[in-house]
Amino acid sequence: MDRIRIVGGNALNGIIPISGAKNAALPLMIASLLTSDTLTLENVPHLADVENLLRILGNHGVDISVNGRREHQDGSYSRTVHFTCRTIADTTAPYELVSKMRASFWVIGPLLARCGQARVSLPGGCAIGTRPVDLFIEGLEALGAEMEIDGGYINARAPQGGLIGARYTFPKVSVGATHVMLMAASLARGTTVIGNAAREPEVVDLANCLIAMGAKITGAGTSTITIEGVTSLSGARHRVLPDRIETGTYAMAVAMTGGDVTLAGTEIGLLDTAIEAIRRAGAEVSAVENGIRIIGHGDQIRPVDIVTEPYPGFPTDLQAQFMGLMTRAQGVSHVTETIFENRFMHVQELARLGAKITLNGQTARIEGVSRLRGAPVMATDLRASVSLVIAGLAAEGETMVSRVYHLDRGFERLEEKLTRCGAIVERISD
Ligand code: UD1
């Protein structure tokens with residue numbers, strides 16, 4: 001199993017190209033199941049989760065062709081993928097595939113809308129909470145589907161004549177359930193109005209792609225989305241939006257190590273709340289042409305309290321990284337997690353590097369220390385593992401991160417991007 005070895009202490013300087021967003025690429029790829037024409041996606045990141053979903057889509061009958069090439073001197077890499085699903089070969093998404101990644105459960109929306117039936121295994125994914133699927137079930141039932149759980153699978157069936165548009169308000173904001181409702185309602189008969197919809201940029205990206213495919217959607221990016229169903233969707237060409245979580249992660253790394261880095265190919269407006277928190281912590285962040293420039297001062301980090309919330313609030317996917325930054329703040333800060341009930345597994349690993357963190361329910365109290373010291377640590381989930389990497393970059397001596405397959409699910413060419421900016425990071429394959 002691969003490990004990552006980091007020797008901390010170097011400031012980061014240079015350019016880091018930001019990849020296409022994993023959390024946008026996944027639902028966009030799944031949207032290819034909605035049409036028999038070709039959907040072409042540009043800027044698709046090369047990540048374990050994406051490769052896993054390619055296998056799942058292939059199983060449903062999607063024909064896939066990939067073109068990848070290195071583009072610019074900054075090391076950015078562009079991948080364009082063509083998806084063609086002439087007919088759905090199989091409406092079952094099996095346990096062996098779905099258990100690896102929660103988002104693969106989302107195929108239930110297009111399969112049901114296009115074929116009138118789907119049998120999808122209950123999902124797996126990061127162990128960061130119970131992560132139920134009740135909102136998907138309720139939402140699809142509102143569109144007339146019959147949903148039944150049987151032997152670890154959800155059997156879904158649309159009424160004769162297909163799904164029927166309806167008014168449905170989510171009792172809780174869910175990104176995944178909003179994606180699924182958008183895709184399912186696009187091919188339903190009549191109008192659907194989704195209340196309390198997720199407002200994440202990735203939802204807007206999916207809606208824009210569906211609109212390019214011929215869907216009639218208004219209001220994406222607000223909490224009320226209206227979808228007028230159409231009888232079929234066509235192909236389209238769409239560019240995956242930049243990864244705001246990768247952007248925020250590297251911005252926090254620079255805030256922590258010090259240095260001057262341009263994050264290329266991303267947009268400051270995708271992560272206003274996180275940028276505001278990074279600025280309050282003392283780093284300088286500015287929008288530049290085609291990206292964001294960040295200047296960090298390393299040892300003068302100010303304590304900042306944050307609370308995770310659905311977009312546009314502070315993203316839960318940046319919580320672990322921000323806590324990493326706060327371990328070296330000059331004072332006490334608090335990090336409160338409101339989205340997932342078990343998303344503090346990085347706390348004990350950060351403590352191995354010398355961080356002083358105490359947990360009280362959903363709030364962590366972090367007492368900044370003047371130095372962290374390298375140690376062996378273990379990655380526990382996708383975002384937690386990258387918080388250990390950035391803490392390792394700021395620690396004295398060597399940090400060895402094991403179980404890095406978590407990192408490979410969501411961070412494209414991490415070692416290469418950091419090494420180009422002066423960090424000492426290497427992958428060790430045993
Ligand atoms: C997506 C992101 C993930 C991010 C999360 C929250 C992708 C691939 N993943 O995950 O990185 O951390 O949004 O921003 O885009 N819930 C229910 N019932 C349901 C569905 C969800 O109670 O049927 C709960 C979850 O347990 C959680 C909350 O709703 O507490 C939000 O989860 P959700 O927005 O659905 O997360 P994902 O879409 O799985």
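Is Glu51 buried, partly exposed or exposed, and at what relative accessibility? Glu51 counts as partly exposed, at 24% relative accessibility. Its salt-bridge partner is Arg79, and Arg79 counts as buried at 4%. The model is predicted. A search of the whole structure finds 19 salt bridges, and the structure also holds three aromatic pairs.

**Salt bridges across the chain**

- Glu51 and Arg79 form a salt bridge whose closest N and O atoms are 2.9 Å apart.
- That pair links distant parts of the chain, with Glu51 in helix H2 (residues 48-59) and Arg79 in strand S5 (residues 77-84), 28 residues apart.
- Asp2 forms a salt bridge with Arg427, with 3.0 Å between the closest N and O atoms.
- Asp2 lies in the segment before strand S1 (3-7) and Arg427 in strand S24 (residues 424-428), so this pair ties together parts that are 425 residues apart in sequence.
- Asp2 counts as partly exposed at 26% relative accessibility.
- Arg427 is also partly exposed, with a relative accessible area of 27%.
- The Asp2 and Arg427 pair belongs to a network of salt bridges that links Asp2, Asp408, Glu415 and Arg427.
- Asp260 and Arg293 meet through their side chains in a salt bridge, at 2.6 Å from N to O.
- Asp260 lies in strand S15 (residues 259-264) and Arg293 in strand S17, so the pair ties together parts that are 33 residues apart in sequence.
- Asp260 is partly exposed, with a relative accessible area of 25%.
- Arg293 is partly exposed too, with a relative accessible area of 33%.
- As background, side chains of opposite charge can pair when their charged atoms come close.

- Strand S17, which holds Arg293, spans residues 291-296 and runs antiparallel to strand S16 (residues 284-288).
- Five bridges join S16 to S17.
- Val285 has Ile294 of S17 as its bridge partner.
- S16 and S17 form a hairpin with two residues between them.
- Asn290 sits in the turn and has a positive phi of about 60°.

**Aromatic rings**

- The structure holds three aromatic pairs.
- One of them is Tyr168 with Phe170, an edge-to-face pair at 5.1 Å centre to centre, with 90° between the planes.
- Tyr168 is buried, with a relative accessible area of 10%.
- Phe170 is buried, with a relative accessible area of 2%.
- Phe314 and Phe322 form another aromatic pair, edge-to-face at 5.5 Å centre to centre, with 65° between the planes.
- Phe314 and Phe322 are both buried.
- Tyr153 has a charged neighbour: Arg119 lies over the face of the Tyr153 ring, at 4.2 Å from the ring centre.

- In helix H12 (residues 382-394), 13 of the 13 residues are buried, so the helix is largely enclosed by the rest of the structure.
- Asp381 caps the N-terminal end of H12, where a side-chain oxygen lies 3.0 Å from the backbone nitrogen of Arg383.
- Gln321 is placed in helix H10.
- Gln321 is buried, with a relative accessible area of 0%.
- The side chain of Gln321 makes a polar contact of 3.0 Å with the side chain of Thr249.
- Leaving aside residues up to four places away in sequence, Gln321 touches Ile245, Thr249, Met252, Arg383, Val386, Ser387 and Ile390.

- Pro310 lies in the loop between strand S18 (306-307) and helix H10 (319-326).
- Pro310 counts as partly exposed, at 34% relative accessibility.
- Beyond residues up to four places away in sequence, Pro310 touches Val173, Glu200 and Ile339.
- Pro310 and Ile149 are 161 residues apart in sequence and 28 Å apart in space, C-alpha to C-alpha.

Technical notes
Residues are numbered from 1 along each chain as its sequence is written. This is a predicted model: local features need pLDDT of at least 70, side-chain atom pairs count only at pLDDT 80 or more; totals for chains, interfaces and linings use all residues. Side-chain values use heavy atoms; hydrogens and water are left out. Two strands pair if DSSP finds at least two bridges between them. Helices (H or I, at least four residues) and strands (E, at least two) are DSSP runs, numbered from the N terminus. Rings of Phe, Tyr and Trp (its six-membered ring) pair if their centres lie within 6.5 Å; planes under 30 degrees apart count as stacked, over 60 as edge-to-face and the rest as tilted. Buried means under 20% relative accessible area, exposed over 50%, partly exposed in between (1.4 Å probe, protein chains only). A charge sits over a ring if NZ of Lys or CZ of Arg is within 6 Å of the ring centre and within 35 degrees of the ring normal. A salt bridge is a side-chain nitrogen of Lys or Arg within 4 Å of a carboxyl oxygen of Asp or Glu. A polar contact is a pair of N or O atoms within 3.5 Å; within protein, one must be able to donate a hydrogen and the other to accept it, and residues adjacent in sequence count only if both atoms are side-chain atoms. Contact means heavy atoms within 4.5 Å.
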